[in-house]
Amino acid sequence: MIPFNFKYYRPANIEEAVELYQQLKADGEKSIYYAGGTEIVTNARDGQKKYDALIDLKDINECLEHGEKNDEYVFGACLTLNEIVEKDYFPLFSLACRPVADHTTRNQLTMGGNICGKLPYREVILPLMLVEANFVFAGPEGMRTVAAAEAYDKRMLLNEGEFLVQVKVPKKFAELDYHDVRKVKQSEVDYPLLHLAALKDEADQIRIAFSSICAFPFRLEDIEAIFNDSQLEMEEKVEQIVAKFPIPIKDDKRGSADYRRLLLGQSLAEIWHKLGGDA
Amino acid sequence: MSEFKQIGRSFSRTDGLDKVHGKQEYVNDYQPTGLLHAALKISTHAHAKIKSIDTAEAEAASGVQAVITGDDFPVTLGLYMGDHPPLALHKVRHYGEPVAAVIANTEHQAKNAVELIKVKYEDLEVISSPTDGLKANAPLLHENMDEYTHIDAVHPEPGSNVANHTKIRKGEAAQAIADAEIVIEDTFSFPPCDHVAMETRAVISEIKANGNVVIHSTTQAPFTVKELLSFNFDIPVGKIKIIAPPIGGGFGGKAGIQLEGLGYLLTKAADGRPVKLVNDREEDMLSSPGHIGMEAKVRLGATADGKLIAAELDYHFDAGAYADYAVNVSNAAAISCTGPYDIPNVRCDSLCVYTNHPFATAFRGFGHVELAFPIERSMDLLAEKAGIDPVEIRMKNAIKEGDTSPTQSLMDANTGDLRECIKRAAKMINWDQGSFIKKDENKVIAKGFGLLWKSPAMPPNTGAGAIITFNKDGSLNLHTGIMEIGQGSKTGLAQIVAERFGTSPENIHLVQEVNTETAPHDWSTAASRSLMMAGRAALEAADDAIDQICRTAAIPLRCPPEDLIVEGGRVFLEDEPSIGLPLDDVVHGYVYENGNAIEGQVIGRGNYIARRLSGIDPETGKGRPSLEYTLGAQAVEIELDLNDYSYQIKKAVSCMDVGKVINPNLARGQVVGAISMGIGLARSEGFVFNSREQVVNGVLRDYKVLRYGEEPEYEIDFVETPQGDGPFGLRGLGEQGIIGIPGAIANALSRATGVKLNYIPLLPEDIWQSVKEASHNDSI
């Protein structure tokens, strides 16, 4: 049970949602955009989060869009992970969505919620970082479309009062070779010790995005340059890649940094092997 | 062709449909008029003085009726030892301990007000393990232990942290070890964890205007609750009524007295109005008791050909902050300390040690799953040292009729056939095809074995009762004090009575809810004793009812009652079946055509009390505490990835000698469920503590129980060596399937890695660490 009272709104369109947020802010109330709610509700229940109002985005058509437009796939932010997995427009995206929580919870978990949430894992963003996805934001200044590199750095770069409406993925990426590695402490239904998504681009270069090995997901060109350097042995690559990590490898109750380092080496070797880095 | 019509058939559970349709009403579904709600403020410290509790703001909050703290009711309660204040008194002894309670008009208001209570603590030195608690300079968790009341069978050591010390002295263990040709010695451990029953504990308590106390509780032991409330609060026992609807999983966690003591204080603080207290999941894991932890040292001595001659066993249990059932778990582990092996010389010192961990209560396997882990690992270590196959060494030492138990009581003619169980388990796991198979460069398949035995740990005078009443159509109502906890005992009882009555179990209506005002007395639905003990009582009640039916029917039928039998809803002459009466003409008295009536309603009455049991000698452990022993053999097959040490349990097999299988599907279900719990213990379940002994994984996000999809293939078999005094020859089987599994899994993984893995849970990272350490040690 959530021990405090709050208001719940379910606006019908983008403009209403944005206005509501501004109005509540003007009234001195703290509001949160709400999609699946798995994180907000559980955090509120155990006292880690408090708010005056929730603005549920699940009635907004654009947030529920799921289809093809011209040369892009469109994924509304309020699609559940199961919806994305079941339609399977973009297999690497499905692979990133499928292991999050369990099937029942994925009926509730949304793509936007996973990406914009406060949890450090945010696995769903991994493929989006690899494919030059475009992120559509809505806010008091109107709508804007932002390239992945500008939309995300350690977290979604949303301005106050903005929310994620959709993500657009160029179709051509769905044709490319890919590989996904996810390691857990023991149970599959758990936050990962690491989750890597990789894709071999049209120039035969392997792109890799990392989640859970550090405190936030990231993709770095420097790391990919090392990984694609055929002069280096795998062990040297791993060594150099770790040195390029933005922050040290995570060490927590799920796994030590040493064990994660071991898994990282094995996972990178697996990606190299699967995507035929040598070819 | 079976000699039985109803025994040995897989009838569906009588409670099943309501449960799967969501129609079963649990305690939390009851909403009596005028209900108030309580919520708990729990400790964030594992060991601390309570400097102050500021309740002013909470008391002023909307809807709040009362706020109580330990000072309002300075009492200590307990199951076997009165060491436990319902709300912490002056200090907290474990993380999650309740320190204050709010009673409010709604649950929401109660939870809201709890947040307004401010507690100031002053940290005290923590005890992090039994080893820690046994140190000479360890802080005392219970300074006033000598003032606590306790039952005679518990042996606390005031001035220390030892809540119970059970000794087993059989033969000359030290000398025999010294003489042994092969000796192995090692240490083993596992942390405390939780039952994670699907239904969290809940209580609704009320004091009526006439002073009667009415409590709805999620309990396995309504009569124990009633009697302990009477004892602790000085309420005449007849004025207490416990209503216990079926519960959503017990596993021992609801076997003692849980929230009911606090529940009584809550209603008292609210002028007797009904107050509901429901644990949320985290409280159920941390504030209410869980599974005991253990540190064990085992020394086994054997002849060169692997025959056991001696065992020296030190079992140090992590009881957590309060004694609860833990003292008796440590006692039960001593009584059965060797596992199902014939060992002539045994010394066991089983200590129940207070620590600053969440406290422990009964848990499926009750002392036996705990002792089996070090013993089964040790048997593999012995096999390795002796150069004997692990199955062969178990076969060689398996206990049998004529041997004696650690308490020096004779294994009588009712002893099951453990060797047959071992043989069948070995066949099911294909042991002869190899216990270590290299699948490819990175994967190995390994197998592990574990034997089990279990006897009920219960007072020697434990009994059960049964009453049979009749409906006008001749169908039966069976009343017992047995709780429906998901185990299906009542369905088995219906089959037993149906067999005797020559009718279908559908004609036996079961009273699912236990109300202590009307149900016959029962000790507790625990110890896997229900079907045996209540089954005996039910059979006696059935025979009593049949006698009455025959007596009544004999009058109009003008025959001797002993010539009549009851079958198929009729009472009739055995040698001339056409002469008879339908039961509905008899069970409420026979009525002649002119209206004259005779004999009246039939009420069958039966009871059973354990025979020839005794406590044990406090110095030697000698005695006969065990009603029966269920014996069995289990094995697992695992596949290990040598890169990251992740593994899968591919197959689990079990063969137990249960005397007689009453309901094959339910029996299989119990064993499979128990194995899956054993896998949980071995694979992932265990509280993780930080340096301040706070639990860091006390939520289901972090505490992982086995999920569907992670289950192995199960193969379950039973041997049926009759238990002479069991109804239709049966003995208990509900808990047993868990017992051999943790040892079997650790044995398989030790074989797969070539490294001794003497701990659970076995997480891949920990296995990797152990392998690393072992290779490091080798290179020194």
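Two residues are in contact if their C-beta atoms, placed from the backbone, lie within 7 Å, and contacts are used in this sense throughout the legends below, which describe a predicted model.

**Figure 1. The fold of chain A and its contacts along the sequence.** Of the contacts in chain A between residues at least 6 apart in sequence, 60% join residues that are at least 24 apart. The chain contains 12 helices and 13 strands. Its radius of gyration is 19 Å, close to the 19 Å that the globule rule gives for 279 residues, so chain A is as compact as a globular protein of that length. The C-alpha trace of chain A spans about 60 × 45 × 30 Å along its principal axes, and 41% of the 279 residues in the chain are buried.

**Figure 2. The packing of helices α11 and α12 in chain A.** Helix α11 (residues 234–244) of chain A packs against α12(A) at an angle of about 120°, with the two axes 10 Å apart, and the helices are therefore oblique to each other. The crossing in which α11(A) passes α12(A) is right-handed. On the α11(A) side, M234(A), K237(A), V238(A) and V242(A) meet residues of α12(A), among them R261(A), L264(A) and W272(A). Sorted by class, this contact comprises seven nonpolar, one polar and two charged residues.

**Figure 3. The side of chain A that touches chain B.** Here 17 residues of chain A are in contact with 20 residues of chain B. Helix α12 (residues 257–274) of chain A supplies the largest share of the chain A side, namely four residues. The residues on this side of chain A divide into seven nonpolar, six polar and four charged.

Note on methods: Residues numbered from 1 in each chain as written. Chains lettered and ligands numbered in written order. Predicted model: local features only at pLDDT ≥ 70, side-chain atom pairs only at ≥ 80, totals over all residues. Helix = DSSP H or I, 4+ residues; strand = E, 2+ residues; numbered from the N terminus. Nonpolar A, V, L, I, M, F, W, Y, C, P; charged D, E, K, R; others polar. Axes fitted to C-alpha atoms, helices over the stretch in contact; angles between N-to-C directions. Parallel < 35°, antiparallel > 145°, perpendicular 65-115°, else oblique. Left-handed = near helix turned anticlockwise from the far one by under 90°. Rg over C-alpha atoms; globule rule 2.2 N^0.38 Å. Buried ≥ 20, exposed ≤ 12 C-beta atoms within 10 Å, placed from the backbone.
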